Amino acid sequence: MWRIYIPDHRDSINMDYDLLLNEEKEKSESFLKEEDRIRYILSRIYVRKLLARYLNTEASELEFKYSEKNKPILENYPMVNFNISHSGDYIILGFANKWSVGVDIELMNTHVDLYSMIINCMSSTEVSMILNSEMPRKMFYKYWTRKEALLKGVGIGLTDRLKDISCSDGLNLVPIEFSGFASSWKVWSFEMENSYSVSIAHDSAIRVMRFYEM
């Protein structure tokens, strides 16, 4: 798992912009806010740079395609899995060989009314944990990033059945109706700078995680 501090890498937007696919360039121009455009571009640049480092090749040589769920896949390396998330000043990238991985980061916004999201998106157990917590906003973001990371790792994206997805500490079972196959996942969560909630979900077969910063 890699953490990238965006303000330190803005020069790459001009230097490495041509690494992006035409579809990605078009999407980057659709963002209304400049900061959203910067996050998107840099996340696509650095996922290529780091994959190239792992695979001992040039970033420009990597070829990508998108799944039916719009998840990017490395064309010639089907066993290499990766996932991307960004929020605020950070990009989080997860990489795994053979096994799937999902990541999510969220800047914990103190000005958003979260009550309806808690009621509509969380299971009864999670609602109880959040509302009875000494810091309910932080607890909400913990569970929200866990759900996002888990669903992204499974490859199905957000669903209208979020309440049916359990994201407790430890081992989590994903029902067959969500992904077409039953699977078990581990989900880990932590905070950064007391302002960001981060979660990483991976197949339970993965035994070792490593953390890096760029």
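**Exercise 1.** Locate R48 in the predicted model, decide whether R48 is buried or exposed, and find which backbone oxygen its side chain reaches.

*Solution.* R48 belongs to helix α3, residues 34-55, where helices are DSSP runs of H or I with at least four residues, strands are runs of E with at least two, and both are numbered from the N terminus. This is a predicted model, in which local features need pLDDT of at least 70 and side-chain atom pairs pLDDT 80 or more, while totals for chains, interfaces and linings use all residues. Residues are numbered from 1 along each chain as its sequence is written, and side-chain values use heavy atoms, without hydrogens and water.

Next, R48 counts as buried because its relative accessibility is 2%, buried meaning under 20% relative accessible area, exposed over 50% and partly exposed in between, with a 1.4 Å probe and protein chains only. Finally, the side chain of R48 reaches the backbone oxygen of L19 at 2.9 Å. Leaving out residues up to four places away in sequence, R48 also touches residues including E24, A59 and F64, contact meaning heavy atoms within 4.5 Å.

Conventions. A polar contact is a pair of N or O atoms within 3.5 Å; within protein, one must be able to donate a hydrogen and the other to accept it, and residues adjacent in sequence count only if both atoms are side-chain atoms.
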